[in-house]
Amino acid sequence: MGNYRKHSRKEFLTRLGTGALAVAGAPALLSSATPGREIITLPERRIYSANDKLNLALIGAGGMGLEDTKTALKHQGVVLRAVCDLYDGHLERARSMFGNDLYITKDYREVLARPDIDAVIVATPDHWHKKISVDAMKAGKHVYCEKPMVHSIDEGHDVIKAQKETGMVFQVGSQGMSSLGNEKARELIAEGAIGDINYAEGFWARRSPTGAWQYRIPEDASKQTVDWDTFIQTTEKRPFDATRFFRWRNYRDYGTGMSGDLFVHLFSSLHFITGSKGPNQIYSSGGLRYWKDGREVPDVLLGVFDYPEVEEHPAFNLSLRCNFVDGTSGTTYLRIVGSEGSMNVEWEKVTLQRNKYQGEEDPFLQAQAERTGGTADRKKMRPQDEIVYMAEEGYKGAHYDHFANWLTAIRGGQSVAEDAVFGYRAAAPALLCNDSYYQDKAMKWDPVKMKLI
């Protein structure tokens, strides 16, 4: 049996009433709050500026790589020195954005060989994450690797080993990990705000072609402008295919499907909030319902995950859904349900909802009623049914904070939020969700030893 602390609604309400759960400083209660609903702003943490210059390189200059780089450059003392990509157009775009002095190459090994590079962002297709990350750490470079950390289950321990042996700072890029919303949710769970967790669910919905990975294919895409041989070096050898190169998420050789791209964010957040190491059983179902464009992965995916009772939490179930054919479009959430309430977690907001039913009457009120001869139907003082915690105006966002965490760790500050062990424990159930779908069976996983059973 786990040694997790049993939480009660009464304990949480007591702490709330005495201010033990108040946010730092004087929280602003918005006057526009509706009856039964309280809104509290979340203070932005202090970010310490750096004195030392940090020389950065980007490996993989697609959309996410550029966003990562722009976010990193918002921090003081960060300089972009080099960019690597397999497509000429991406390299030309990077120079136009970041300056003609930028060193560009199609061979990531040239970047790793440069003594003026301190750290790299790895934002390549998933099938290159492990090799480049390991090579970079062995070359003495700190690494920010986009999620999922690895392309397959058997790659995770190689990254963990490289991080331990080299001592380099390795961060996985599930940026919601560093959000104010996740941090507040973790605090509320620890304080017993919703009692003991028994269920959680998450949902991603998209409908647009870009959202469904029908990315634009440049008109000049060819064997001359794309280093196709390097792209497929670790996979099945095929003739040049621009669709596979630019829409790589749709193909199993290069991407990890809906689960590796999106479920992994939800696993990262849930594990951070609850302190969990992961599920021990994974099952999934789904299908290709709409985007029948030659892709090899489903556009509707459902996953069911069993989390065992451990020291950190009681046993609970998780349900995740992803739909690229959703008419509502653009919807995403993570909801955690406990014995005495629930919370919806977003990166900049947490909505806490408490059970209106009180199974036991307040003993003080009972005694007062008996003493004064009060009637059973006398009205009572009740807390707000819903509290909304909002990030303060001016919050720079989870992406900014995730890079702040990585950069501070490089400069000798706190440890990273999502190291290789944490990143693997988030990636593994996402990858096993895919394996369950293709093998049509439940997958057994040891989340502590991080091994397939």
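Contact here means that heavy atoms lie within 4.5 Å, and in this predicted model helix α5 (residues 129-138) lies across β2 (54-59), β5 (119-122), β6 and β7, running at about 170° to β6. Those strands belong to an open sheet of six strands in the order β4-β3-β2-β5-β6-β7, where the pairing is parallel.

**The open sheet**
- The edges of the sheet are held by β4 (103-105) and β7 (170-173), and each has a single partner strand, so one side of each is left without a neighbour in the sheet.
- From one strand to the next, the twist averages 20°.
- Strand β6 (residues 142-146) pairs with β7 in the parallel sense over four bridges, and cysteine 145 has valine 172 in β7 as its bridge partner.

**Helices at the sheet**
- Helix α12 (residues 398-410) lies across β2, β3 (78-84), β5, β6 and β7, and its direction is at about 155° to β6.
- The axes of α5 and helix α6 (residues 156-166) come within 9 Å and cross at roughly 10°, which makes α5 roughly parallel to α6, since angles under 35 degrees count as such.
- On the α5 side of this contact stand Lys130, Val134, Met137 and Lys138, which meet Asp158, Val159, Ala162, Gln163 and Thr166 in α6.
- By residue class, the contact of α5 with α6 divides into four nonpolar, two polar and three charged residues.

**Nonpolar cores**
- The largest nonpolar core has 79 residues, of which Val120, Phe170, Phe267, Ile336, Met343 and Tyr424 touch the most other members.
- Helix α13 (residues 420-439) gives the most to this core, contributing 11 residues.
- Apart from neighbours within four places in sequence, methionine 343 is in contact with Ala185, Leu188, Ile189, Ile194, Leu334, Arg335, Ile336, Val350, Thr351 and Leu352.
- A second, separate core comprises 23 residues, and Trp406, Leu407, Ala409 and Ile410 are among them.

**Strand β16 and its partners**
- Strand β16 (residues 443-446) has a covered face formed by Met443 and Trp445, whereas Lys444 and Asp446 make up the uncovered one.
- Strand β9 (residues 281-287) runs antiparallel to β16 and is joined to it by two bridges, with lysine 444 in β16 as the bridge partner of glutamine 281.
- Two bridges also join β16 to strand β17 (residues 451-452), again in the antiparallel sense, and here tryptophan 445 has leucine 452 in β17 as its bridge partner.
- β16 and β17 form a hairpin with four residues between them, and methionine 450 in the turn has a positive phi of about 60°.

Note on methods
Residues numbered from 1 in each chain as written. Predicted model: local features only at pLDDT ≥ 70, side-chain atom pairs only at ≥ 80, totals over all residues. Heavy atoms only, no water. Pairing = 2+ DSSP bridges. Axes fitted to C-alpha atoms, helices over the stretch in contact; angles between N-to-C directions. Parallel < 35°, antiparallel > 145°, perpendicular 65-115°, else oblique. Nonpolar A, V, L, I, M, F, W, Y, C, P; charged D, E, K, R; others polar. Core = buried A, V, L, I, M, F, W, Y, C linked by side-chain atoms within 4.5 Å. Buried < 20%, exposed > 50% of the residue type's maximum accessible area, 1.4 Å probe, protein only.
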